[in-house]
Amino acid sequence: MVAPATAAPAAAAPEPGPASPGPAALPALAPVDWQDVREQLDRDGVALTGPLLSPAQCRELAETFDDDGLFRSTVVMQRYGFGRGTYRYYADPAAVPVLDALRERLYPPLARIANQWAARLGERTFPLTLAELHAECAAAGQHRPTPLVLRYGPGDHACLHQDVYGDLVFPLQATIMLERPGEDFTGGENVFVEQRPRSQSRAIVVRPRLGQALVFPVQHRPVQGSRGYRRHPMRHGTNAVESGRRTTLGVIFHNAR
Ligand SMILES: O=C(O)CCC(=O)C(=O)O
Ligand SMILES: [Fe+2]
């Protein structure tokens, strides 16, 4: 179980930013304690940040769900056996300022964690800018943006899955809670299952609050064993919503084929 992070550590210095915060200024993103994220990932396989987005920014993003012009495709999950509920892929994430700022600012610290994992597992490393990652995706035939907004009503849920969209997979992703658990909806917890080689799998349940991000592995994470690091495959999903409306933002960094 991951303890809910509520307040930013007092010692975190604010990042320099524009004097008048516009929608893309993300003043609340500054105090992310990346060392804490790293430690949570190492310990639990999943990390919960402090609030990254203001309630107004969450509302703005949740409202994008109803703007048909913003999306390249819409997936009704029950049609594919993915669960129940609807998600929509943004046609151009850069056209949504809060989303664009969020992924640009999450990517470099996540790439540093990804590269530490790569060293542990003997895997490839990743560039430190999203533009370079996307250039590599394009060279691999992966052109389509993957950030998405998901909406669930009562009974809706997401089956356990991995967000792999091609050969090039950036190993970490984030999900941001855009509504208030306990107020806007009940149920709908984020669920993770970690497969432990030659052992029983472990389930993790997390309840992010409004504006908080969950950071977790797309496919697997390195876990220290007696003879070096081993891969623990992980899948994620969403428990059924009991009441109300639940909207989240999914930020996957690699593009799709
Ligand atoms: O419903 C959720 O919060 C999980 C969404 C998800 O699968 C994702 O962000 O990749
Ligand atoms: Fe997902």
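Begin by selecting Leu214, which, leaving aside residues up to four places away in sequence, touches Val46, Leu48, Ala174, Thr175, Asn190, Val206 and Pro208. Please bear in mind throughout that the model is predicted.

Next, colour the largest nonpolar core, a set of 55 residues. Leu214 is among those with the most contacts inside this core, together with Leu61, Ile176 and Val215. Then select residues 97-121, which form helix H4; this helix gives the most to the core, namely nine residues. In soluble globular proteins, nonpolar side chains tend to be buried together.

Return to the whole chain for a moment. Five helices and 15 strands can be displayed. Of its 257 residues, 38% count as buried. Among contacts with a separation of 6 or more, 76% are accounted for by residues 24 or more positions apart.

Now select helix H1, residues 34-44, and show the side chains. Val37, Gln40 and Leu41 are the buried ones to pick out. Viewed down the axis of H1, the buried residues fall within an arc of 100 degrees, so they line one face of the helix. An α-helix has 3.6 residues a turn, so residues three or four places apart point the same way. Turn the view to the other side of H1, where Gln35, Glu39 and Arg43 are exposed.

What do the buried residues of H1 pack against? Display strand E1 (47-51), H4, strand E11 (212-217) and strand E12 (220-225), for these are their partners. Just after H1, stop at Gly45, whose phi is positive, at about 90 degrees.

The next stop is ligand 1. Select the residues that surround ligand 1: Leu150, Ala158, Asp163, Thr175, Asn190, His236, Thr238, Thr248 and Gly250. Strand E13 (228-238) and strand E15 (246-251) are the elements that give two or more residues to this shell. Coloured by class, the shell shows two nonpolar, six polar and one charged residues. Thr175 and Asn190, which belong to the shell, are also among the residues that Leu214 touches.

Finally, move to Pro197, in the loop between strand E9 (190-194) and strand E10 (202-206). Is Pro197 buried or exposed? Pro197 is exposed, because 10 other C-beta atoms lie within 10 Å, and a residue with 12 or fewer counts as exposed. To end the tour, draw a C-alpha to C-alpha distance from Pro197 to Leu178: the two are 19 residues apart in sequence and 35 Å apart in space.

Technical notes. Residues are numbered from 1 along each chain as its sequence is written. Chains are lettered from A and ligands numbered from 1 in the order in which they are written. This is a predicted model: local features need pLDDT of at least 70, side-chain atom pairs count only at pLDDT 80 or more; totals for chains, interfaces and linings use all residues. A residue is near a molecule or strand if its C-beta atom, placed from the backbone, lies within 6 Å of it. Helices (H or I, at least four residues) and strands (E, at least two) are DSSP runs, numbered from the N terminus. Ala, Val, Leu, Ile, Met, Phe, Trp, Tyr, Cys and Pro count as nonpolar, Asp, Glu, Lys and Arg as charged, and the others, Gly among them, as polar. A residue is buried if 20 or more other C-beta atoms lie within 10 Å of its own, exposed if 12 or fewer, and partly exposed in between; C-beta atoms are placed from the backbone. Two residues are in contact if their C-beta atoms, placed from the backbone, lie within 7 Å. A nonpolar core is a set of buried Ala, Val, Leu, Ile, Met, Phe, Trp, Tyr and Cys residues joined through C-beta atoms within 7 Å. The arc is that of the directions from the helix axis to the C-beta atoms.
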